[in-house]
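Keep the model open beside you as you read.

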Amino acid sequence: MFTEADHQYMSQALQQAALGAWQTSPNPSVGCVLVKAGVVIGQGHTLAAGQDHAEIQALKDCHARGLSAQGATAYVTLEPCSHFGRTPPCADRLVEAGVVRVVAALGDPNPQVSGRGLARLRSAGVVTQVGLLADAARHHHRGFLSRMERGRPWLRVKLAASLDGKTALWNGASQWITGEAARQDVHRLRAGACAMLTGIGTVLADDPRLTARIDQVSRQPARVVVDSQLRTPPSAKLLDGGQAFIIHASTDVKRMADLQDAGASLQALPTSTGRVDLNALLTWMGQQGWNEVLVEAGPALSGALIQAGLVDELVLYLAPMLLGHQAHGLVDWPPLSSLTERVDLTWVDQRMIGADLRLIAQLRP
């Protein structure tokens with residue numbers, strides 16, 4: 001069905017898609033490559049929301065080279081859109097440009113598209129094919145697909161520990177367990193996230209900013225704190241500029257007013273026990289248009305999210321050191337009485353980041 005050349009061009013489209021990963025939210029970061037007579041005549045990726053989609057960037061690149069897309073094949077990592085949003089339908093633009101074949105890695109599960117883009121192309125006489133490098137495209141678009149298919153973002157938990165699985169000394173000291181290279185790698189994870197999620201314990205202990213400190217970043221992730229009783233200080237650094245949300249279960253009007261005056265947006269998602277409803281939190285995040293959320297929290301929130309079955313992926317940095325059994329562990333939950341209660345993982349990637357070992361694992365359903 002697909003040739004070796006088709007695979008090559010779709011791989012190039014996925015490389016293009018990766019270039020927009022830090023800027024397109026809530027849109028997916030799509031890549032597009034235009035090919036005619038075995039030559040790439042244009043390529044591009046989705047820009048920030050409200051700006052060009054990948055197909056339009058590829059057509060503009062083609063025109064900038066003084067070439068025509070008449071008779072070309074377009075390789076796209078996701079089905080071209082068919083609706084008017086902030087931009088016109090990309091399917092129509094491809095037809096107008098004279099593209100004769102469109103190869104999409106995936107159909108778009110967005111109810112506003114969901115096959116309509118491909119149908120519009122076919123009705124105009126364009127040959128369409130779907131499924132080339134679909135697994136790689138699902139991995140790249142996992143956040144957007146999660147929000148469209150499950151109504152919630154892809155949730156990634158970042159953890160840093162010693163070789164014996166400890167995240168801090170008995171007195172809470174934890175800076176720094178991992179090295180500079182690992183910390184820079186975490187900033188790249190933050191840059192790719194739509195939002196950062198932490199707990200009140202981390203806010204009180206570390207007062208983090210939760211920003212991505214990388215020169216190429218054009219937007220910062222939103223900051224979200226799980227704080228049932230609104231203990232976040234109005235002076236907390238993460239409230240200083242940008243979007244900051246506090247998810248709570250409190251009825252304390254004075255604390256609400258103080259935090260709102262400090263720039264926080266408040267969202268009550270209480271359970272009957274006076275804690276934050278974590279399932280409702282993930283649904284609320286999806287409603288914000290967030291595709292990927294990165295958790296940097298202590299063992300209580302990290303453990304609660306894992307036990308609730310809400311975590312999709314763990315990113316664990318292991319430092320070459322030992323801290324002893326009295327130091328703080330990775331996750332905090334009640335003792336397991338049977339191995340059948342364990343949480344099983346599937347290894348996805350293992351590599352050295354400076355002197356530290358980075359392990360990526362996905363939680364098995």
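Start with the open sheet of 5 strands, which has mixed pairing and the order S2-S1-S3-S4-S5. Strands here are DSSP runs of E with at least two residues, helices are runs of H or I with at least four residues, and both are numbered from the N terminus. Two strands count as paired if DSSP finds at least two bridges between them. Strand S2 (39–45) and strand S5 (127–130) are the edges, each with a single partner strand, so one side of each is left without a neighbour in the sheet. Neighbouring strands of this sheet are turned by 15 degrees against each other on average, direction ignored; axes are lines fitted to C-alpha atoms, for helices over the stretch in contact, and angles run from 0 to 180 degrees between N-to-C directions.

Before going on, a word on the model itself. It is predicted, so to speak of local features requires pLDDT of at least 70, and side-chain atom pairs count only at pLDDT 80 or more, while totals for chains, interfaces and linings use all residues. Residues are numbered from 1 along each chain as its sequence is written, and side-chain values use heavy atoms, with hydrogens and water left out.

Back in the sheet, strand S1 (residues 31–36) pairs with S2 in the antiparallel sense over 6 bridges, and cysteine 32 has glycine 44 in S2 as its bridge partner. Helix H2 (residues 54–64) lies across S1, S2 and strand S3 (73–76), running at about 135 degrees to S2. Contact means heavy atoms within 4.5 Å.

Most residues other than glycine have a negative phi, and most peptide bonds are trans. Serine 25 and proline 26, however, are joined by a cis peptide bond with omega of about 10 degrees, and proline 26 sits in the loop between helix H1 (4–19) and S1. In the loop between S1 and S2 you will find alanine 37, which has a positive phi of about 55 degrees although it is not a glycine.

Now turn to the other sheet. Its 9 strands form an open sheet with mixed pairing, in the order S11-S10-S9-S8-S12-S6-S13-S16-S15. Strand S11 (265–268) and S15 are the edge strands, each pairing on one side only. On average, neighbouring strands of this sheet are turned by 20 degrees against each other, direction ignored. Strand S6 (residues 154–162) and S13 run parallel and are joined by 7 bridges; leucine 159 stands opposite leucine 316 in S13. H7 packs on the sheet, touching S6, strand S8 (195–199), strand S12 (292–295), S13, S15 and S16, and its direction makes about 165 degrees with that of S13.

How is the chain divided? It splits into domain 1 (4–145) and domain 2 (151–363), with bounds from an automatic or database domain assignment. Their C-alpha centres lie 34 Å apart, and the contact takes 9 residues from domain 1 and 15 residues from domain 2.

Where does the second largest pocket lie? Both domain 1 and domain 2 give residues to its lining, so it lies between them. The lining has 30 residues, with Ala21, His139, Arg142, Arg156 and Glu292 nearest the centre of the pocket. H7 supplies the largest share of the lining, 4 residues.

Conventions: 1 Å grid on protein atoms, 1.4 Å probe; cavity = no way out; pocket = protein on both sides within 12 Å on 5 of 7 lines; lining within 4 Å.
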